[in-house]
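Let's walk through this protein together, from the whole fold down to one side chain. Keep the viewer open as you read.

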Amino acid sequence: MYALIDCNNFYASCERVFNPSLEGKPIVVLSNNDGCVVARSNEAKALGIPAGIAAFKIRNLIESGEVYAYSSNYSLYGDISRRIMETMTQFSPEIEVYSIDEAFLKLTGMEHIDLTEYARTMRTTVKKWVGMPVAVGIGETKTLAKVAQRIAKKSKKANGVLNLAGSPHLDRALALTKVED
């Protein structure tokens, strides 16, 4: 059994951890040399700003103050990632860091507990201790945990946590997932 914990809009959310007054505001994080957008908050996505767009193409939004733009701060992002991964050791001794903003946790031997509630506790703890919003997916394989996490991140009903282990909705979840995802 696996859980996949994945940070929501990681670089943009890191900027909010560092500057909480940005909560609810559209944020973009720019690549090295500020050439293009590499990360967007949900508010920036709602404005129609696509990933990878050249920064000069949205300069009017930035200069007007409608969108907050930040240069990449990899020291900050690495520190916050380290804090999140350290927090995850509270929940499982077996952690596989998958990327700067996501990790698999092996949940072997925990089948006797309510894993959905356990994942909610993970989510709440990371938000409280580090300030980072995350989504958690649970599945019997890493792939199924990733599918669950992707749905958990976007589904209002899931509210950031989805357990597909033994779920009668597994076939539907797989049908909604594009193979390339």
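The protein chain holds seven helices and eight strands; helices (H or I, at least four residues) and strands (E, at least two) are DSSP runs, numbered from the N terminus. Its radius of gyration is 17 Å, close to the 16 Å that the globule rule gives for 181 residues, so the chain is as compact as a globular protein of that length. That radius is taken over C-alpha atoms, and the rule is 2.2 Å times the number of residues to the power 0.38. Please bear in mind that this is a predicted model, in which local features need pLDDT of at least 70 and side-chain atom pairs count only at pLDDT 80 or more, while totals for chains, interfaces and linings use all residues. Residues are numbered from 1 along each chain as its sequence is written, and side-chain values use heavy atoms, with hydrogens and water left out.

Now find the open sheet of five strands, ordered S5-S6-S1-S7-S8 with mixed pairing; two strands pair if DSSP finds at least two bridges between them. Its edge strands are S5 (95–99) and S8, each pairing on one side only. S7 (residues 134–139) and S8 run parallel and are joined by three bridges, and glycine 137 has leucine 162 as its bridge partner in S8.

What does the interior look like? The largest nonpolar core has 31 residues, and those with the most contacts inside it are Phe10, Leu105, Leu107, Met122 and Met132. Such a core is a set of buried Ala, Val, Leu, Ile, Met, Phe, Trp, Tyr and Cys residues joined through side-chain atoms within 4.5 Å, where buried means under 20% relative accessible area (1.4 Å probe, protein chains only). S1, helix H1 (10–18), H4, S6, helix H5 (115–130) and S7 each supply at least two residues of this core. A second, separate core of ten residues includes Val28, Leu30, Ile53 and Ile58. In soluble globular proteins, nonpolar side chains tend to be buried together.

Finally, zoom in on asparagine 163, which lies in strand S8 (residues 161–163). Leaving out residues up to four places away in sequence, asparagine 163 touches Leu115, Thr116 and Ile138, contact meaning heavy atoms within 4.5 Å. Its side chain makes a polar contact with the side chain of threonine 116 at 3.3 Å. A polar contact is a pair of N or O atoms within 3.5 Å; within protein, one must be able to donate a hydrogen and the other to accept it, and residues adjacent in sequence count only if both atoms are side-chain atoms. A polar atom of the asparagine 163 side chain also lies 2.9 Å from the backbone nitrogen of alanine 165.

Conventions: Buried < 20%, exposed > 50% of the residue type's maximum accessible area, 1.4 Å probe, protein only.
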